[in-house]
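Good morning. Please look at the structure first.

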Amino acid sequence: MATVLDGDRDAFRILVEREQVAVYRACLRILGRPHDAEDVAQESFVMAYRALGSYRGDGPLGGWLMRIATRHAFRRLGQRRDAAELNPEIGLSAPASDPLTALLSGERERAVRLAVAGLREPYREVVALRFFGELSLDAIATATGRPLNTVKTHLRRGLERLRADLGREVAA
Amino acid sequence: MSRSPFDPSEVGGGLDPRDPAVEELERYATIATDQAPADLADRVMSAVAAEPTPRRGLLAWLTTPPSAGRPFARFARVTALAATLVLAVAGALYAGELAQLVRDFTVGSSSEPSPSVTESFEPSPSESVSPTPSVTPEESESESPAESGEPSEIPTSTPRPSTSQPSPTGQPSPTGSEEESKSPSPSQTPTETASPTPTST
């Protein structure tokens with residue numbers, strides 16, 4: 001880790017290879033499009049390399065990296081929602097034989113993505129790191145610098161709000 | 001990479017085990033499990049190659065916990081910081097002493113000519129100010145009395161012309177009321193001009 005923090009590119013490559021799957025999946029779950037997720041994951045690694053000088057080392061690099069990636073992905077999602085979306089959302093699940101089933105599945109996935117993206121901070125970050133980044137609550141507490149009980153409270157409240165939002169989406 | 005499904009007991013109770021939000025999130029997370037593109041690491045490293053080597057900030061350098069291979073790193077950092085502080089304080093003290101010596105030397109040598117310089121500056125502004133107010137009141141008496149109220153030296157000069165004028169202009173009564181409204185800026189003129197107008201009419 002010390003060599004990564006000293007800017008050693010070979011050591012950073014090891015970090016990229018170790019974390020790329022988790023970072024890419026988190027970006028894909030937030031953005032819903034493989035091509036966008038690929039771009040955001042790559043940009044997140046470059047942003048992390050630039051910001052290595054500010055990393056305090058008070059937790060695993062994976063959590064710090066995941067936090068950068070989820071923030072960047074939500075920022076990109078906000079920019080994308082500002083622009084007109086020309087093509088309808090395509091579901092991430094395996095292509096169904098029935099086009100209607102595929103469309104409904106895509107809509108449902110989109111509702112989950114938008115509901116999480118619509119949460120206020122810090123609830124959105126905690127929910128995304130736990131469910132999309134697959135970090136443990138201890139890792140989230142370390143990465144965000146918050147006490148574990150605070151993280152638990154944020155997650156519980158985030159899920160409560162999400163339940164209401166998802167219920168509204170389904171009803172609509 | 002295996003997923004670790006969410007357990008409602010993680011948040012310490014208060015959450016339904018079959019919470020619909022949790023179920024939706026879990027279902028969604030199990031769907032989106034694509035592998036990263038094979039060339040992602042290569043693309044990242046080619047982008048990183050163009051970046052300069054990151055430099056660590058002082059705060060991050062000091063607060064980074066020591067790694068296992070370098071147990072004395074924290075001690076070395078604290079020592080380096082203390083040495084820097086001592087050097088900075090010593091440098092500041094030395095610079096202060098040096099500045100005091102220079103000040104003593106320059107004050108002792110340059111005390112004589114300084115009064116002659118200050119005396120030469122004083123009369124010049126008083127001469128330049130005095131001509132301007134004496135000219136402006138004469139022009140502004142007939143046209144706009146309100147403009148002459150700005151400078152502080154004007155009231156001493158303006159009442160003289162304004163008191164001499166009402167006697168010729170005080171004959172017609174309608175102009176007296178106009179002069180009351182026009183000349184409120186000097187405080188002496190309204191009392192003089194107001195009294196003739198009612199008695200004349």
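P122(A) sits in the loop between α5 (99-117) and α6 of chain A. Helices here are DSSP runs (H or I, at least four residues), numbered from the N terminus. This is a predicted model, where local features need pLDDT of at least 70, side-chain atom pairs count only at pLDDT 80 or more, and totals for chains, interfaces and linings use all residues. Residues are numbered from 1 along each chain as its sequence is written, chains are lettered from A and ligands numbered from 1 in the order in which they are written, and side-chain values use heavy atoms, with hydrogens and water left out.

Back to P122(A): a cis peptide bond joins E121(A) to P122(A), with omega about 10 degrees. The second detail is E134(A), in the loop between α6 and α7 (137-144) of chain A. E134(A) is not a glycine, yet its phi is positive, about 60 degrees. Why point these out? Because most residues other than glycine have a negative phi, and most peptide bonds are trans.

Now the interface. Chain B gives 50 residues to the contact and chain A gives 51 (contact means heavy atoms within 4.5 Å). About 4800 Å² is buried between chain B and chain A, 60% of it from carbon and sulfur atoms. Buried area is the accessible area (1.4 Å probe) that two parts lose on being put together, summed over both.

How many salt bridges are there between chain B and chain A? The count is seven, a salt bridge being a side-chain nitrogen of Lys or Arg within 4 Å of a carboxyl oxygen of Asp or Glu. R43(B) forms one with E38(A), and their closest N and O atoms are 2.2 Å apart.

On the side of chain B that touches chain A, the elements giving two or more residues are α1, α2 (40-49) and α3 (58-63) of chain B. The largest share, 10 residues, comes from α1(B).

That helix, α1 (residues 20-31) of chain B, packs against α6 (residues 123-132) of chain A at an angle of about 50 degrees, with the axes 10 Å apart. Axes are lines fitted to C-alpha atoms, for helices over the stretch in contact, and angles run from 0 to 180 degrees between N-to-C directions. α6(A) and α1(B) are therefore oblique to each other: under 35 degrees counts as roughly parallel, over 145 as roughly antiparallel, 65 to 115 as roughly perpendicular, and the rest as oblique. From α6(A), the contact uses V127(A), F131(A) and F132(A).
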